[in-house]
Each structure stands twice: as C-alpha cells, then as structure tokens.
Amino acid sequence: MAKAKRRYVCQECGSVATRWQGQCDDCGAWNSLVEEAGATIFEMKHHLQVGGRDVAFSGLDSDIALPPRASTGISEFDRALGGGLVPGSATLLGGDPGIGKSTLLLQAAANLARRGLAVAYISGEEAVDQVRLRARRLGMGDAPVQLASATSVRDILTTLGTGAPPALLVIDSIQTMHSDQIEGAPGTVSQVRASAQELIRFAKERGSALMLVGHVTKDGSIAGPRVLEHMVDTVLAFEGERSHQYRILRANKNRFGGTDEIGVFAMAEEGLCEVGNPSALFLTDRAEQVTGATVFPALEGTRPVLVEIQALTVRLSSGATPRRAVVGWDSGRLAMILAVLEARCGLSFSTAEVYLNIAGGYRISDPAADMAVAAALVSALAEKPLPSDAVLFGEVALSGEIRPVAHAALRLKEAEKLGFAKALVPPSVADAKGISTKNFRTLANLVDHILGRD
C-alpha cells in the first residue's frame, strides 16, 4: 500500500508545502503552516473523498452586517438595484440597441466620479473620443472618469492590477471582450464565459462594483450562454421602444435586493431623466369619455403605476374568422376573459374582432388587470363608456367570480393622488380616504353595472 504523504497547509493563503517551516513562502505569514492528513496518489486520482481541505461551516444565526451600498446619484437606478451598488458585486445590464444602456452607465459613472470615487469605463465598441463626445453632450465632460478602449481581458486586468482598484468598473460590452487563454472570436460562448469569469473574479477579490453591458437576441433575452446570468449577482433589463420617450429598468435577478422594483426614465436631449410620477406617462387626456378605455392601477414592487387599457371590437358581417390582437398583455389570458364573458355573462364575441392595447407600450403581467380588461371589452362591445374618474382592479376566476388582489390600499392611494374618485373593486376592498369604492362579487354583476341593468 502506498504511504500517505504528509503535507502542511498555510491557514492564511492555503498554499501547500511538503515540510514544515516557520514562514509561508507565498504569503509571508509566520507559524501558519499546519499539518493535515494527506492521501496517496491512487486515492486522489480515483475519488474526491480525501486530499482536500476542511471546509468551515457556520450557522444561519451568525451575525453579519448588511453590505454597504454606494448611490449612483440616480434614484431610479438605485431603486432597481435595490438601494445602490454593492462593492464586489457583478451586474449585467441588457437591452435593445440604442435603448440607452451606455448613456445610463456613463451618467452613473460620472456621478460617482464627481463624488471622488475612482471609476473606470472601458469600451470595446467605441473609441475614447466617441465616449468623450457623448459625455460632453450630456454635460458631464468635466467628470474625472478614466476612459479606455480595449478588448483584451488580460490587458485590462493587468492595467487595473497595478494600482488601487476602482470603485466602479464598467465593461461595454462583454460580447466584445476576449481572453487569450480561449480559442475563438469575441462574442462566442466560450469567450463570453471565460472573459466574464475573469472580470467577476477581479471584482470579487478587489472589491470593485462591476457593470457588464450585454447584447440581446431578437426575442429580447441576453445573448451568449445562459450561464452568464448565473455568474453575476444582478441582471437588469432595459425595456422600452426607441419610438417612445420612456424607458423602464427592471431587475430580473438580484442577490442583494428584490426583483419587483422598476426604475422609470425618459429619454431627452440631456440624456436619461428620472420620472418621479410614471403614471403621467401612461395616462392620456381623459377629458372626454371614450368607449373601451379603462384605467388599471398596476403595481411594480412598492410603486403603483396607473396605466390605460384600450379595447376595440369590430363586428364582422362576412362570416370570416375574427382576429384577436393583443399588445402589452398575455394573449392567452385575453382568450380566457373572452370565454368567461361568453359563458358566464351571456355576451358574444364570436363574430367580432377584438383588439387590446396597453397605452404607452407598457407591459402588464399582473392578474389584477383581469377586471379592467373585461370592463374595457364590455364597454367597447356595448359602446358605453365608463366614468373617466374610475379605476378598476380584480382577478377574474373561470367561474366568473372576482377575487381580491394584493396591496389594494396602495393602489387606491395612488389613484386618489392622481384625482380619481371612484374604484370598481372586489368585495373585500373597503373604502379609502378620498375615493369611493363599489364592490362586485361576480363578473356578471360588473357587466350589469356597465350596461345599466343593476
């Protein structure tokens, strides 16, 4: 039987020595070498049960301080991040081309640099002069941001390793980076994974907040390997249409905060401006009553956003197959609402084309919008407008029952703040200060109210 070899492991840096000595050769610590049980070469090659280091365990009740955060100077950006940038964290920002990813990060980098923090902005897609011209156009040409144009991860890490690590490191974009340890062109799966791994390791070891810009595919997901989203701590999606003024920053993953908060911005000549009242972006002038239009108080995290739901029905006399078109909502849920209206409320949409739109390009996934969508469809079909000062929310079951939703008081408070006086809600919602509520137990009761049959 092969004799187990003795080994001495440094408790400071983890280096292994074949004999004991007073000082570690790697880290220089004194009296840090401790003998550990070794394993034979045969054992180490055939299984992993020996030959490793002991892993230290700790209980869930161990005291730990919350990670410190650095504000970017953009409150909407901080809201989506969960309160600000965490030192040593890695954040991936994705979005369509021209949506404003580089502009947002440049504004955040300039704000941090003006407060005396070291910031490095490395662009692999633009020259330094292009980034500098954009900064001057945004009024941030005087910010002491360190700019560079490079694509080699080795060159970047070698340069950053010679001095103090920056508080914020921006890489624009990860698809342009390449590592000389991996064969392949920049942007391939292996190159993106290897480059991101090296940059994240630097951020974790040196305490820099890393911001990676990622390209997106045709369906809006971040390009590259899926493991890239697992490697980072936070994944942010920059949503919106270039033809619209607004932008929404949404967190799809956040190890240091929640994923239910959004940041709302408006694109202007001076860059991305924060929108303190996002409901103003999605509500149109409601001076005149219009059929098929309802207002729904959506909830994004702790922020209520009032959006307008628009419906249009067109009767077909030729017997052709009616069309169903949806923008900003789930088409399968629209089919469910139409089925409930026909089966439980006696309305027929089989000979009518149905068009549903969420105003302003907003996207809704909240089931609380069922009642507002159903009311818009009934209003459009019967050509009877709803009161312009009313909001609606509630989940519709297949039985036609209207179920309560979460945070009803918060939705009513936002509606009252914007001047709405009425709310058509599920039966469990009570009256709120400044706004009166009318409760409906079933969808048939709501239909009778809209048609004036109650």
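Biologist: Which residue stands opposite Val170 in S7?

Modeller: In this predicted model, strand S5 covers residues 119-123 and strand S7 covers residues 168-172. The two strands pair in the parallel sense over five bridges. The residue that stands opposite Val170 in S7 is Tyr121.

Biologist: In the open sheet of nine strands, which strands stand at the edges?

Modeller: The order of the open sheet is S6-S5-S7-S8-S4-S9-S10-S11-S12, and its pairing is mixed. From one strand to the next, the twist averages 25°. An edge strand has a single partner strand, so one side of it is left without a neighbour in the sheet. The strands in that position are S6 (146-149) and S12 (271-274).

Biologist: At about what angle does helix H6 run to S8?

Modeller: Helix H6 spans residues 189-206 and lies across S4, S7 and S8. Another helix, H3 (residues 101-114), lies across strands including S4, S5 and S7, and runs at about 155° to S5. For H6, the angle to S8 is about 160°.

Biologist: Is Ser179 buried or exposed?

Modeller: Ser179 has its place in the loop between S7 and H6. Leaving aside neighbours within four places in sequence, Ser179 is in contact with Gln191 and Ser195. Its relative accessible area is 8%, and buried means under 20%. Ser179 is therefore buried.

Biologist: What separation do the C-alpha atoms of Pro297 and Lys413 have?

Modeller: Pro297 lies in strand S13, residues 293-300, and is buried with a relative accessible area of 0%. Not counting residues up to four places away in sequence, Pro297 touches Val305, Leu306, Val391, Leu392, Phe393 and Arg411. Pro297 and Lys413 are 116 residues apart along the chain, and their C-alpha atoms are separated by 9.8 Å.

Biologist: How are H10 and H12 oriented to each other?

Modeller: Helix H10 (residues 370-382) and helix H12 (residues 443-451) pack with their axes 10 Å apart, at an angle of about 40°. Their crossing is right-handed. Roughly parallel applies to angles under 35 degrees and roughly perpendicular to 65 to 115. H10 and H12 are therefore oblique.

Biologist: How many nonpolar residues are in the contact of H10 with H12?

Modeller: From H10, the residues in the contact are Met371, Ala374, Ala375, Val378 and Ala382. They meet Leu443, Leu446, Val447, Ile450 and Leu451 in H12. The contact has no polar and no charged residues, and its nonpolar residues number 10.

Methods. Residues numbered from 1 in each chain as written. Predicted model: local features only at pLDDT ≥ 70, side-chain atom pairs only at ≥ 80, totals over all residues. Heavy atoms only, no water. Axes fitted to C-alpha atoms, helices over the stretch in contact; angles between N-to-C directions. Helix = DSSP H or I, 4+ residues; strand = E, 2+ residues; numbered from the N terminus. Parallel < 35°, antiparallel > 145°, perpendicular 65-115°, else oblique. Left-handed = near helix turned anticlockwise from the far one by under 90°. Contact = heavy atoms within 4.5 Å. Nonpolar A, V, L, I, M, F, W, Y, C, P; charged D, E, K, R; others polar. Pairing = 2+ DSSP bridges. Buried < 20%, exposed > 50% of the residue type's maximum accessible area, 1.4 Å probe, protein only.
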